[in-house]
Amino acid sequence: MDGDSFSGMANGGGGGAADGKLIQTFHKSFVQVQSLLDQNRMLISEINQNHESRAPGNLTRNVGLIRELNNNIRRVVGLYADLSASFARNADASSDGDSSGTLRSSDGRAAAGHKRLRPG
C-alpha cells in the first residue's frame, strides 16, 4: 500500500502531520492484519492436512492449531475495531462543523459516493 491510498480519507486538506499520522497508523494496522491472515492461511492448511491424515497425533495437534487460529481471528477483529474507531475519531475531528459525515478529498470537495455510516 502506498501512502497516497488514504489521502482522500484525510481531513479537508489542512491536516498535514495529522493526516500523515493517520495514514501511518492505517498502514501499520493493515500490515499486522495481513500478517495474521497469512498465518491463518498456513494454520488452516495444516489443520486440513492433519484432519485428512486421521492420525491421532495430528488430530491432537489440531486442538492447539485451532486455538491459535481463534486467537488470531480475535486479534484481527480487534485491529479492525481499533482502525474503525481511529478513523471515526479522525473523521469527526476533521469535519469542522460538517455534520453530514461526508468524506472530503484533499482539495476539500465531498468525495463522490463516500458517506460515513453511523450506527443506529
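How exposed is Asp 38, in terms of relative accessible area? Asp 38 is partly exposed, at 30%, where buried means under 20% relative accessible area, exposed over 50% and partly exposed in between (1.4 Å probe, protein chains only). This is a predicted model, in which local features need pLDDT of at least 70 and side-chain atom pairs count only at pLDDT 80 or more, while totals for chains, interfaces and linings use all residues. Residues are numbered from 1 along each chain as its sequence is written, and side-chain values use heavy atoms, with hydrogens and water left out.

**Overall make-up**

- The secondary structure consists of two helices and two strands; helices (H or I, at least four residues) and strands (E, at least two) are DSSP runs, numbered from the N terminus.
- Along the sequence the pattern reads α-α-β-β.
- The protein has 120 residues, of which 28% are buried.
- Of the contacts between residues at least 6 apart in sequence, 56% join residues at least 24 apart, a contact being heavy atoms within 4.5 Å.

**Confidence**

- The mean pLDDT of the protein is 79, and 67% of its residues reach 70 or more; pLDDT is the predictor's confidence in each residue, from 0 to 100.
- Residues 1-13 have pLDDT below 50, and this stretch has 27 contacts in the model beyond near neighbours in sequence.
- Residues 111-115 also stay under 50 in pLDDT, and the model gives them nine contacts beyond four places in sequence.

**Helix 1 and its cover**

- Helix 1 has 37 residues and spans 54 Å from its first C-alpha to its last, close to the 54 Å expected at 1.5 Å a residue; the expected span is 1.5 Å times one less than the number of residues.
- Its buried residues include Asp 19, Leu 22, Phe 26, Leu 36, Asn 40 and Leu 43.
- Helix 2 is part of what covers the buried residues of helix 1.
- Leu 22 lies in helix 1, which runs over residues 17-53, and is buried at a relative accessible area of 8%.
- Leaving aside neighbours within four places in sequence, Leu 22 is in contact with Ser 86 and Asn 90.
- The C-alpha atoms of Leu 22 and Asn 90 are 7.9 Å apart, although the two are 68 residues apart in sequence.
- Asn 72 is found in helix 2 and counts as buried at 4% relative accessibility.
- Not counting residues up to four places away in sequence, Asn 72 touches Leu 36, Gln 39, Asn 40 and Leu 43.

**Salt bridges**

- The structure holds two salt bridges, each defined as a side-chain nitrogen of Lys or Arg within 4 Å of a carboxyl oxygen of Asp or Glu.
- Arg 41 pairs with Asp 38, with the closest N and O atoms 3.0 Å apart.
- Arg 41 and Asp 38 are about one helical turn apart because they are three residues apart in helix 1.
- Arg 41 is exposed, at a relative accessible area of 53%, whereas Asp 38 is partly exposed, at 30%.
- Arg 61 pairs with Glu 46, with the closest N and O atoms 2.7 Å apart.

**Aromatic rings**

- The whole structure has three aromatic pairs; rings of Phe, Tyr and Trp (its six-membered ring) pair if their centres lie within 6.5 Å, and planes under 30 degrees apart count as stacked, over 60 as edge-to-face and the rest as tilted.
- Ring pairs link Phe 26, Phe 30, Tyr 80 and Phe 87 into a cluster.

**The loop at Arg 54**

- Arg 54 sits in the loop between helix 1 and helix 2, just after helix 1.
- Arg 54 has a positive phi of about 55° although it is not a glycine.
- At 60% relative accessibility, Arg 54 counts as exposed.
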